[in-house]
Amino acid sequence: MKKWRALFEKSKHFLLVTLLMLITFCYAMFQGGFVSWFVFFTVSPFLLYAFIFLLVREEIVGVERKIEPSHVVSGQSVKVTISIERKTRFPFAYMMMEELVNSEPLVQAKVQGTSNIKFVGFGKKFNWNYTLESLPRGEHQYLGVSIVFSDFFGWAKKRTVIEKEQIVLVYPRVREMAYAALQTKFDMGTMMSPYSVVKDTSMAVGLREYVPGDRFSWIHWKSFAKTQTLQSKEFEDRQSQEILLVMHAGTSPLFEEKVELAASMLQTIVRGRGDISFVSSGANTKVFPLVQSEKQLDQVMHHLAAIKPIGNAEFQLRYQQSFKQIASLLLVTNDVSDELLHSLANMAKYCICFVVAEQPPKLPEIAKRYKQIQIVHVDPTDYYHLFTEVMKP
C-alpha cells in the first residue's frame with residue numbers, strides 16, 4: 001500500500017498535466033468553433049511548459065546558511081541568510097523554500113524578513129533572508145532546506161530536500177555584576193579574610209622559630225634532636241580564592257533566571273581573576289574542575305547554553321572527589337529543603353546558598369542549626385550588587 005501511495009505522489013502532477021491536455025484538446029475537437037480552439041491554444045503553452053518542467057531534472061549544487069551574529073545571546077535577534085545555487089538554467093516560474101528544524105523554539109520563533117517565495121527565471125543563484133526575533137537560550141538544530149519548484153499555475157511541482165545540518169547555540173544572558181573577593185574563614189578563630197590562605201606543604205623552603213598554633217606536622221624533628229629547640233618548617237604561602245559554584249539543575253519556573261545568574265557569577269569571578277570550579281548538579285552531574293581562562297569559561301558557557309531542566313533532580317555531590325580542596329561553596333538554586341541543608345553541611349565548612357525567587361523563601365527550622373550556611377535571596381531582575389552586599393566584611 002505504501003509503495004502505491006509513494007508512486008502516486010510522484011506521478012500525480014504528471015497525470016494532472018496529461019489529463020488537462022487531453023481535456024482541452026477533446027473540448028476543442030468536439031465543441032469546435034473559435035472559442036474552443038482559442039481556449040486550447042491559449043492553455044497549450046502553459047501545459048507544454050508544465051510537461052517539459054516535469055521532464056527536466058533539477059539539481060542543487062550547493063546550499064549555504066549564514067547566521068549573524070555568530071555569538072547569540074538569549075533574547076537576541078538573529079539574521080539568517082540562505083544561499084542556494086542550482087546547476088541548470090531552466091526557467092522555473094517560482095520556488096518556495098522552507099527550513100527543516102529539530103527545535104520547537106525555532107518553529108515558534110517569530111520570523112520577519114523577505115518572503116520565502118522566489119521568482120527563479122533563468123538565474124542560478126538566489127538568496128533568502130529572514131530574521132528570527134528573540135531566540136530563547138538553548139541548542140537549536142537546523143536539519144536542512146526543503147525547496148519546491150512550481151510552474152505558473154501550480155499544475156506541476158517538484159520538491160527537493162537538501163540536508164544542511166547546523167546548530168545555533170544561544171548562550172544565556174550575562175549581566176554585569178560588581179565583584180568583591182569572596183571572604184572565607186581561617187581554620188582557627190573568627191577572623192575574616194578576603195582570601196583563603198593555603199600552604200603548599202609538599203615542599204619546605206626553610207625553617208623558622210616555633211610559634212604557638214603551628215601544626216604538629218610542621219615541626220622539624222631533625223633540628224630539634226640536634227639543638228633541642230623547636231623549629232617549624234617554612235612553607236610557601238599561596239593566596240587563593242578557590243570557590244566551587246554549583247547550580248542545581250532541577251525543574252523550576254525560574255530555571256532560565258537561575259542559569260543567567262550562574263553564568264553572570266562565573267564570568268564576574270573569572271574576569272576578576274578568582275579561582276573557581278563549576279558543577280551543574282542533577283541526574284548527570286557535569287564537573288568543570290578549574291575555570292580560569294576565557295577558553296575554559298567558554299566551555300562552561302557552552303554547557304549552560306545547552307543545559308535543560310531535569311525533573312525531580314536530587315542534589316548529589318557527596319561522592320565527587322574534586323570538592324575536597326575548596327575554600328567556599330556557592331550554590332544557586334530555587335528552593336531550600338531539609339535534605340539540601342544536610343548535604344551542604346556535610347560537604348563544606350562555609351557555604352552561601354543563593355535562592356533565586358520572586359519572593360524571599362520560607363526557610364526551614366533546621367536552617368538555624370547550620371551557622372556555616374548563609375542563605376541569600378536573589379531578585380531575578382536585579383543582582384548587580386550581589387557580591388558586594390553579601391561578601392563585605
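This is a predicted model: local features need pLDDT of at least 70, side-chain atom pairs count only at pLDDT 80 or more; totals for chains, interfaces and linings use all residues.
**The arginine R65**

R65 sits in strand β1, which spans residues 60-68. Is R65 buried or exposed? Its relative accessibility is 6%, and buried means under 20%, so R65 counts as buried.

What does its side chain meet? Leaving aside residues up to four places away in sequence, R65 touches V80, T81, I82, E99, Y142, G144, V145, K164 and Q166.

**The aromatic rings**

How many aromatic pairs does the structure hold? There are 16. Two of them are set out here.

| Pair | Centre distance | Plane angle | Type |
|---|---|---|---|
| F46 and F153 | 5.1 Å | 70° | edge-to-face |
| F90 and F92 | 5.1 Å | 65° | edge-to-face |

F46 belongs to helix α2 (residues 33-55), while F153 is in the loop between β8 (138-150) and β9 (157-171). The pair therefore ties together parts that are 107 residues apart in sequence. F46 is partly exposed, with a relative accessible area of 30%. F90 and F92 are both buried.

One of its members, F53, has a charge over its ring. The charged end of K158 sits there, 5.6 Å from the ring centre.

Terms used:
Residues are numbered from 1 along each chain as its sequence is written. Side-chain values use heavy atoms; hydrogens and water are left out. Helices (H or I, at least four residues) and strands (E, at least two) are DSSP runs, numbered from the N terminus. Buried means under 20% relative accessible area, exposed over 50%, partly exposed in between (1.4 Å probe, protein chains only). Contact means heavy atoms within 4.5 Å. Rings of Phe, Tyr and Trp (its six-membered ring) pair if their centres lie within 6.5 Å; planes under 30 degrees apart count as stacked, over 60 as edge-to-face and the rest as tilted. A charge sits over a ring if NZ of Lys or CZ of Arg is within 6 Å of the ring centre and within 35 degrees of the ring normal.
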